[in-house]
Amino acid sequence: MESILALLALLSGIVGTFAYIPQILHMVKEKSSKGTSLSAWILWLTTGLVILAYAIEKKEFVFVTIMSVSSAANLAVVLLTVKYRKKN
């Protein structure tokens, strides 16, 4: 049962990470970060990195994978927000 839950957690994390794609694509297409809260995304990135560090310490492969991808997507949004704020 534990392996089924681990698989479901991994799949949920992967599917959940796809939720970042529309935000990233919108920002790139519009070349704008208007309406994007930089402080919220930095907070999400920070909390994600803390969870990632914890998962690494506990050697939880599923959560290391999920949080690595999620943190990378969060970082992309933060960097795009900063990039496009400078242009506006």
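Modeller: In this predicted model, ring pairs join Tyr20, Trp41 and Trp44 into a cluster, where rings of Phe, Tyr and Trp (its six-membered ring) pair if their centres lie within 6.5 Å. Local features here need pLDDT of at least 70, side-chain atom pairs count only at pLDDT 80 or more, and totals for chains, interfaces and linings use all residues. Residues are numbered from 1 along each chain as its sequence is written, and side-chain values use heavy atoms, with hydrogens and water left out.

Biologist: How many aromatic pairs does the structure hold, and what describes such a pair?

Modeller: A pair of aromatic rings is described by the distance of the centres and the angle of the planes. The structure holds 2 aromatic pairs. The rings of Trp41 and Trp44 have centres 4.9 Å apart and planes at 85°, so this pair is edge-to-face (planes over 60 degrees apart; under 30 is stacked, and the rest are tilted).

Biologist: Is Trp41 buried or exposed?

Modeller: Buried means under 20% relative accessible area, exposed over 50%, and partly exposed in between, with a 1.4 Å probe and protein chains only. Trp41, at 11%, is buried, whereas Trp44, at 47%, counts as partly exposed.

Biologist: Which residues make up the largest nonpolar core?

Modeller: In soluble globular proteins, nonpolar side chains tend to be buried together. A nonpolar core is a set of buried Ala, Val, Leu, Ile, Met, Phe, Trp, Tyr and Cys residues joined through side-chain atoms within 4.5 Å. The largest one here has 10 residues, including Tyr20, Trp41, Leu45 and Val78.
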